[in-house]
Amino acid sequence: MHISNYLARREAPHAAISTLIFFGCATALLTAPFGGSFGRNVFYITSYIAFIVIATHALYYAKLRINIALPAAMLLVGIASIIWTVVYKQPGEFISLYRQYQSTGRLQISAALILFFVLNDKSDLRSKAILAAILTGLAVNAYAIYQGAWLHLRRVELNFDRATMAAYIISAVNLVFLKAILLQKNKVKLFLFPAAFLFSYLAIILTGTRAAMLVFPVLALILILFSKNVISRSYKVALFVIIPVLFIAGSLIFKDKIANRIDEFQQNIADMHKNRGENSVVSRLSMQIIALKTGIHSPAGQSAEHRALLAKQIIQQQPQLYGALPYLTVHMHNEVLETFSIKGIAGALALVNFYIMLLVYAFRRGGNALLLTLTLALMGYGLSDVIFFSTECTLIYCLTIIFVFFMMKGSHHQEKHQ
């Protein structure tokens with residue numbers, strides 16, 4: 001066969017390709033939350049397969065009404081990071097910052113390729129995706145509870161170096177886990193869901209991450225509220241009563257850990273005007289102000305070194321912003337402001353456009369409750385941290401977004417036929 005014919009196939013990719021890409025994503029989802037490079041490498045290999053298939057079936061995709069808006073939005077975010085890295089990367093104390101954005105940009109580009117394939121694939125892999133989501137949720141939560149309750153870690157980190165990152169990862173995995181429970185076709189799910197929520201919430205409490213402890217129960221309620229034709233209205237009402245009760249029960253089980261985090265928060269508030277010591281509240285506010293000011297100064301984008309120089313000049317004039325100083329070689333703890341401060345208006349617009357596309361897809365065709373809650377988690381946690389700075393967080397959120405569409409396959413109107 002002539003190479004031009006090979007690169008211009010009009011027929012759909014073989015069904016085995018869909019299964020192969022699914023198992024690549026499922027393997028990455030199951031292994032990535034535990035650290036190491038295996039899950040990430042599997043994800044990259046899966047994206048290479050997706051790229052080859054898309055390239056060799058270009059005419060097939062061209063004749064379809066291809067679903068491209070969301071993958072394109074994700075692709076733009078990844079490309080923005082890669083371009084910024086290529087333009088500004090240099091050796092020095094900021095090299096790890098550049099490497100992080102180079103890695104997360106690559107992951108987003110890879111995810112965009114896989115997402116394009118999945119969105120335009122007609123294979124029904126929903127039952128397999130639901131099983132993979134449940135297995136991942138059980139494994140991740142069990143490991144987190146083991147670390148906290150048996151190993152007595154002060155704050156569960158899974159196998160990473162930051163408890164907050166572990167909390168964001170556990171949140172994403174658990175939203176997919178809870179949705180998988182709701183998509184079960186038997187009535188056992190009516191009893192399993194409260195147990196799954198409590199199991200999930202205990203794991204999150206053990207990370208000691210205040211934002212996740214407050215946000216996750218709200219996301220669970222939103223997941224219930226917007227899930228259509230999966231559970232009856234009366235059971236929704238019951239869950240709206242049960243979930244707050246379980247929230248209180250989970251808080252009481254680990255009340256000492258929660259009390260310690262509340263005390264730390266109150267102490268941070270009390271010490272806001274003292275220019276000394278570690279203060280997470282002051283530091284976050286300072287970083288976000290610095291990010292905004294430095295971004296306004298360089299709307300077309302700038303190097304990490306130049307941002308740090310500007311930040312130090314601002315802090316000299318406004319010493320109350322001292323809390324940002326230790327983080328100048330990392331990030332500014334707000335997704336949009338961090339992006340604006342180094343990648344400029346174009347980078348920030350690419351990120352906001354991605355958020356908008358996620359919301360558009362969440363509300364199209366009758367709604368997708370899981371995609372909505374994952375988007376709200378991404379945006380909510382992004383108010384006080386930078387999800388797309390962490391390679392592990394970026395990988396998990398990309399995977400869970402992809403899994404949304406695996407879990408909806410076989411139902412043209414999303415959840416309507418459940």
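Guide: Let us begin with the aromatic rings. Rings of Phe, Tyr and Trp (its six-membered ring) pair if their centres lie within 6.5 Å, and planes under 30 degrees apart count as stacked, over 60 as edge-to-face and the rest as tilted. By this rule the model has 19 aromatic pairs.

Visitor: Why is the pair of Tyr 361 and Phe 405 called edge-to-face?

Guide: The ring centres of Tyr 361 and Phe 405 are 6.4 Å apart and the planes stand at 90°, so the pair is edge-to-face. This pair links distant parts of the chain, with Tyr 361 in helix α15 and Phe 405 in helix α17, 44 residues apart. Both Tyr 361 and Phe 405 are buried, where buried means under 20% relative accessible area, exposed over 50%, and partly exposed in between (1.4 Å probe, protein chains only). Five aromatic residues, Trp 84, Tyr 88, Tyr 98, Tyr 101 and Phe 389, form one cluster.

Visitor: On what basis are these coordinates read?

Guide: This is a predicted model, in which local features need pLDDT of at least 70 and side-chain atom pairs count only at pLDDT 80 or more, while totals for chains, interfaces and linings use all residues. Residues are numbered from 1 along each chain as its sequence is written, and side-chain values use heavy atoms, with hydrogens and water left out.

Visitor: What makes Arg 364 a charge over the ring of Tyr 361?

Guide: A charge sits over a ring if NZ of Lys or CZ of Arg is within 6 Å of the ring centre and within 35 degrees of the ring normal. Arg 364 lies over the face of Tyr 361, at 4.4 Å from the ring centre. Likewise, the charged end of Arg 106 sits over the ring of Tyr 44, 4.6 Å from its centre.

Visitor: How do you know that Ser 110 is buried?

Guide: The relative accessible area of Ser 110 is 7%, and the limit for buried is under 20%; Ser 110 is therefore buried. Ser 110 lies in helix α6, where helices (H or I, at least four residues) and strands (E, at least two) are DSSP runs, numbered from the N terminus.

Visitor: What does the side chain of Ser 110 make with that of Ser 47?

Guide: The two side chains make a polar contact at 3.3 Å. The term denotes a pair of N or O atoms within 3.5 Å; within protein, one must be able to donate a hydrogen and the other to accept it, and residues adjacent in sequence count only if both atoms are side-chain atoms. Leaving aside neighbours within four places in sequence, Ser 110 is in contact (heavy atoms within 4.5 Å) with Phe 43, Tyr 44 and Ser 47.

Visitor: How do you know that the span of α7 agrees with expectation?

Guide: The expected span of a helix is 1.5 Å times one less than its number of residues. The 25 residues of α7 should therefore span 36 Å, and its end C-alpha atoms are 35 Å apart, which agrees. Helix α2 (residues 15–31) has 17 residues and reaches 25 Å from its first C-alpha to its last, close to the 24 Å expected. Buried residues of α2 include Ile 21, Phe 22 and Leu 29. The buried residues of α2 pack against α3, α6, α7 and α17.

Visitor: Are His 152 and His 333 buried or exposed?

Guide: At 63% relative accessibility, His 152 is over the 50% limit and therefore counts as exposed. By contrast, His 333, at 7%, is under the 20% limit and counts as buried. His 152 is found in the loop between α7 and α8, and His 333 in the loop between α14 and α15.

Visitor: What makes Asn 334 a buried residue?

Guide: Asn 334 has a relative accessible area of 9%, under the 20% limit, and so it is buried. Asn 334 belongs to the loop between α14 and α15. Leaving aside neighbours within four places in sequence, its contacts are Gln 288, Gly 382, Leu 383, Asp 385 and Val 386.
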